[in-house]
Amino acid sequence: MRRYNNERILIISNNVLSNTNNNGKTILSYFDTMNCKQIRQLYFSCEDPSLSEYQYFRISDKDVIRGKFFPQLRGGRAEVKCSNRILNSYVKNYSEFMRLLREILWYKSWKSKQLIKWLDEFRPSVIFFVGGDCCFAYNICMYITKRFNSRLSLYITDDYFMPRKREKVFHMVRRYIIRRSFIECLKLTDVF
């Protein structure tokens, strides 16, 4: 990580950096020796951060729903809470149909003035994106990468777009959309 000493690194992921949560621990392990001031994180779960050294911006499903009616409530800076509350994402229990509806809900509904202001203050030069099975996350990553002409590192932790032996129609449709989003993001990627 020595080559990133003067970079401003934005981590984009579903889970917040953590010392206890599996995904959050894995992501943190890549950056824990770096200067915290040069790292920020944008994440998409309801988790509260537990590491006060970093700056966070959270957009959850609830924020997107509230933002449909009150755009100023569409995400915000996340602070460490005394309770160290960790909410497991209920998305894991969604059916494939509900996951497709979730993608529609997020489509062009994630952007807010407060997010753009937070990003503009930082102007990331490097983006570390933990790609998953949410198309909206790829779209957000691509938007930010293009806006700041950032170098992009794409990190995939599972086989989200590989075909399965037994798939229902909604599963196939969703997998096709995820694969397409992944390929578009890959075109902007410097490190995979």
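**Strand 1 and its sheet**

Let us begin with strand 1, in which both faces are covered: I9, I11 and S13 on one side, and L10 and I12 on the other, are all buried. Buried here denotes under 20% relative accessible area, exposed over 50%, and partly exposed the range in between, with a 1.4 Å probe and protein chains only. Helices (H or I, at least four residues) and strands (E, at least two) are DSSP runs, numbered from the N terminus.

A word on the source: this is a predicted model, in which local features need pLDDT of at least 70 and side-chain atom pairs count only at pLDDT 80 or more, while totals for chains, interfaces and linings use all residues. Residues are numbered from 1 along each chain as its sequence is written, and side-chain values use heavy atoms, with hydrogens and water left out.

Which strands pair with strand 1? Strand 2 (residues 39-43) pairs with strand 1 in the parallel sense over 5 bridges, where pairing requires that DSSP find at least two bridges between two strands. Within strand 2, Q41 is the bridge partner of I11. The chain reaches strand 2 from strand 1 through helix 1 (residues 22-31), and this β-α-β crossover is right-handed; that is, with the strands pointing away from the viewer, the path from the first strand over the helix to the second runs clockwise. Strand 5 (residues 126-131) also runs parallel to strand 1, joined by 4 bridges, and I127 is the bridge partner of L10 there.

Turning to the whole sheet, it is open, has 6 strands in the order 4-3-2-1-5-6, and shows mixed pairing. Strand 4 (76-78) and strand 6 (151-156) stand at the edges with a single partner strand each, so one side of each is left without a neighbour in the sheet. On average, neighbouring strands are turned by 25° against each other, direction ignored; axes are lines fitted to C-alpha atoms, for helices over the stretch in contact, and angles run from 0 to 180 degrees between N-to-C directions.

The antiparallel case is strand 3 (residues 55-58) with strand 4, over 3 bridges, and Y56 stands opposite A78 in strand 4. Helix 6 (residues 169-188) lies across strand 5 and strand 6, at about 140° to strand 6, contact being heavy atoms within 4.5 Å.

Finally, N6 belongs to the segment before strand 1. N6 is exposed, with a relative accessible area of 75%. The C-alpha atoms of N6 and Q38 are separated by 7.7 Å, although these residues lie 32 residues apart along the chain.
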